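Subject: A structure to look through

Dear colleague,

Please find below the structure that I promised to pass on to you. Once you have it open, I will go through what was found in it, one topic at a time.

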Amino acid sequence: MDPVFTLQWPEFVVAHRLQQHLPKKLGYSVLIPLSRQEKGIDLAILRKGQGKHRTVTIQIKASRTYWRPLPKRPATKGFRYYTWFRQFVVPPDADFVLLLGMYAPDQGRTKTVSAKWYGDCSLLFTRKEMTKFLKSCRTVGGKPDMMFGFGFDDPSKVFLTRGDPKRSLLDFSSHVLGKRIGLIKKALA
């Protein structure tokens, strides 16, 4: 057995966010599998209370966030930040899938910064929603798209930029983690 335990940065960020929304004083615990071979589950959330407990599992998919200067023409819609994800098979063991994009809020900064300085854009989907969404990802020509992505200026307003054949910038702001934490609470009730 390998005596060193490491946690990937995206999983650490998500665990921290979940602990902020689901505090221990209310009976919630964020659990991390110790086995690196645990397929389909990156985190679990346990809720204890009155001699009972409930658990939900989360799969995390992370994307580097790409920065792009805003378009020069006001009529051209563009975003400051873009994420890119590869298609994947939704694990049957995951109750939820969380898409995470980390970004640097100030691209021009040259001084050393702490980890708290970085921002993140987190979208939460149920297993069923993610499966349906991935099936709907198409190229402009209507073929299955192997990639999908989101664009945003502000992490509370997120739009689909790749994966929609009409490129109509579908609004996914309602999937932001802070707005959907109630789904996890309900599943643990």
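Does Asp 120 count as buried or exposed, and what is its relative accessibility? Please keep in mind while you look that this is a predicted model, so every value below is computed from predicted positions. Asp 120 has a relative accessibility of 12%, and because buried means under 20%, Asp 120 counts as buried.

**Overall layout**

The protein chain has 189 residues, of which 41% count as buried. It is built from 3 helices and 8 strands, and if you follow it from the N terminus, the elements come in the order α-β-β-β-β-β-β-α-β-β-α. As for confidence, the mean pLDDT of the protein chain is 88, with 87% of the residues reaching 70 or more. Helix 2 has the highest confidence, at 97, whereas strand 3 (residues 52-67) has the lowest, at a mean of 91.

**Salt bridges**

The structure holds 4 salt bridges, and I describe some of them here. In one of them, the side chain of Asp 120 meets that of Arg 17, with 2.4 Å from N to O. Asp 120 belongs to strand 6 (residues 119-126) and Arg 17 to helix 1 (residues 9-21), so this pair ties together parts that are 103 residues apart in sequence. While Asp 120 is buried, Arg 17 counts as partly exposed, at 24% relative accessibility.

Another salt bridge joins Asp 95 and Arg 127, whose closest N and O atoms are 4.0 Å apart. This pair links distant parts of the chain, 32 residues apart, since Asp 95 sits in the loop between strand 4 (81-86) and strand 5 (96-103) and Arg 127 in helix 2 (residues 127-136). Asp 95 is partly exposed, with a relative accessible area of 29%, and Arg 127 counts as partly exposed too, at 31%.

A further salt bridge is formed by Arg 162 and Asp 145, with 2.9 Å between the closest N and O atoms. Here again distant parts of the chain are linked, 17 residues apart: Arg 162 lies in strand 8 (residues 157-162), and Asp 145 lies in the loop between helix 2 and strand 7 (147-154). Asp 145 is buried, with a relative accessible area of 2%, whereas Arg 162 counts as partly exposed, at 24%.

**Aromatic rings**

How many aromatic pairs does a search of the whole structure find? The search finds 15, and one of them is made by Phe 148 and Phe 150, whose ring centres are 6.1 Å apart and whose planes stand at 85 degrees, so the pair is edge-to-face. Both residues are buried, Phe 148 with a relative accessible area of 0% and Phe 150 with 1%.

Phe 150 also pairs edge-to-face with Phe 172, at 5.4 Å from centre to centre and with 75 degrees between the planes. That pair links distant parts of the chain, 22 residues apart, with Phe 150 in strand 7 and Phe 172 in the loop between strand 8 and helix 3 (177-188). Phe 172 is buried, as is Phe 150. These residues belong to one aromatic cluster, which is formed by Phe 85, Phe 125, Phe 133, Phe 148, Phe 150 and Phe 172.

A ring is also involved in a contact with a charge: the charged end of Lys 61 sits over the ring of Phe 88, 4.9 Å from its centre.

The buried residues of helix 2 are Met 130, Phe 133 and Leu 134. They cover an arc of only 95 degrees around the axis, which puts them on the same side of helix 2. The face turned away from this buried side carries the exposed residues Lys 128, Lys 132 and Lys 135.

Helix 3 has 12 residues and reaches 16 Å from its first C-alpha to its last, close to the 16 Å expected at 1.5 Å a residue. Its buried residues include Leu 177, Arg 180, Ile 181, Ile 184 and Leu 188. Seen down the axis of helix 3, the buried residues fall within an arc of 145 degrees, so they line one face of the helix. On the other side of helix 3, Lys 179 and Lys 186 are exposed.

With best wishes

Note on methods: Residues are numbered from 1 along each chain as its sequence is written. This is a predicted model: local features need pLDDT of at least 70, side-chain atom pairs count only at pLDDT 80 or more; totals for chains, interfaces and linings use all residues. Side-chain values use heavy atoms; hydrogens and water are left out. Helices (H or I, at least four residues) and strands (E, at least two) are DSSP runs, numbered from the N terminus. Buried means under 20% relative accessible area, exposed over 50%, partly exposed in between (1.4 Å probe, protein chains only). Rings of Phe, Tyr and Trp (its six-membered ring) pair if their centres lie within 6.5 Å; planes under 30 degrees apart count as stacked, over 60 as edge-to-face and the rest as tilted. A charge sits over a ring if NZ of Lys or CZ of Arg is within 6 Å of the ring centre and within 35 degrees of the ring normal. The expected span of a helix is 1.5 Å times one less than its number of residues. The arc is that of the directions from the helix axis to the C-beta atoms. pLDDT is the predictor's confidence in each residue, from 0 to 100.
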